[in-house]
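The following paragraphs lead through one protein chain, from a surface feature to the overall fold and then to individual side-chain interactions. Please keep the sequence and the model in view while reading.

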Amino acid sequence: MRFPLLHRFSWLLGAHAWGEILQAVFLLALARSHSAAYGAVLLASQYGAILLLLSEAGLNPYLADQLTHDPARQRAWLRRFALLRLALLLLAGLGVWLFIRAQGYPPRLRLLVMFLGGAIGLEALSGTFFTALQVEGKQAVEGRIRLWAAALGWGYGLAALAAGWGIFRISLCKWIET
């Protein structure tokens, strides 16, 4: 007896678990090898979470509804939502930039916040794509993509840590993972 629904969601669950495990290993390795950089990465990640929250803005249910009720215009809806999220991300990014300047952070930390925070904020754009896959019932495809993205991104981060690279080169891992 086959359970197609279980198969589709098992990929998503496995990819999520794999990504979280690899991220935890990366953060633990970063904390052990570069404690100052670890603190900066956590600060940048929190600003990134704010960017993600503001750029997602709860749009996925509305997008899913539009894709379900108007499948002939799927590309148009995806383009519209991607542009809307990009505009929200840019506006939120401007707000974060002004806020971190007002906080008096050193220029290098401000740059890291925008670099790493931007990668986290871009998850809203990938969320547009993944919502379309979910509407089409392709959760297994989404799971495979997320699994490989996590393996490549966090794997790169761990390799960059082992190579002793600087924090900006290390932080590329989040851009790869996103």
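In which helix does Leu152 lie? Leu152 belongs to helix α7, where helices are DSSP runs of H or I with at least four residues, strands are runs of E with at least two, and both are numbered from the N terminus. The model is a predicted one, in which local features require pLDDT of at least 70 and side-chain atom pairs count only at pLDDT 80 or more, while totals for chains, interfaces and linings use all residues. Residues are numbered from 1 along each chain as its sequence is written, and side-chain values use heavy atoms, with hydrogens and water left out.

Leu152 has a relative accessible area of 52% and is therefore exposed; buried means under 20% relative accessible area, exposed over 50%, and partly exposed in between, with a 1.4 Å probe and protein chains only. Together with Trp148, Leu172, Trp175 and Ile176, Leu152 makes a nonpolar surface patch of about 500 Å². Such patches consist of residues with over 30% relative accessible area and no salt bridge, nonpolar side chains (Val, Leu, Ile, Met, Phe, Trp, Tyr) being joined within 5 Å and like charges within 9 Å. Helices α7 (139–163) and α8 (167–177) each supply at least two residues of this patch, and α8 gives the most, with three.

The chain as a whole contains eight helices and zero strands. Its C-alpha trace spans about 50 × 40 × 20 Å along the principal axes. Of the 178 residues, 36% are buried.

Charged side chains come next. Side chains of opposite charge can pair when their charged atoms come close. The structure holds five salt bridges, each a side-chain nitrogen of Lys or Arg within 4 Å of a carboxyl oxygen of Asp or Glu. In one of them, Glu123 pairs with Lys174, with the closest N and O atoms 2.6 Å apart. Glu123 lies in helix α6 and Lys174 in helix α8, so this pair ties together parts that are 51 residues apart in sequence. Glu123 is partly exposed at 23% relative accessibility, whereas Lys174 is buried at 8%. Lys174 also forms a salt bridge with Glu177, again with the closest N and O atoms 2.6 Å apart. Because Glu177 and Lys174 are three residues apart in helix α8, about one helical turn separates them. Elsewhere, Lys138 and Glu136 meet in a salt bridge of 3.3 Å, N to O; Lys138 is partly exposed at 38%, and Glu136 is partly exposed at 37%.

Helix α6 (residues 123–135) also holds Thr131, which counts as buried because its relative accessibility is 5%. Its side chain makes a polar contact of 3.1 Å with the side chain of Asn60; a polar contact is a pair of N or O atoms within 3.5 Å, where within protein one must be able to donate a hydrogen and the other to accept it, and residues adjacent in sequence count only if both atoms are side-chain atoms. A polar atom of the Thr131 side chain also lies 2.8 Å from the backbone oxygen of Gly127. Leaving aside neighbours within four places in sequence, Thr131 is in contact with Asn60, Leu63 and Ala64.

Notes
Contact means heavy atoms within 4.5 Å. Accessible areas come from the Shrake-Rupley method with a 1.4 Å probe; for residues, only the protein chains shown count as cover.
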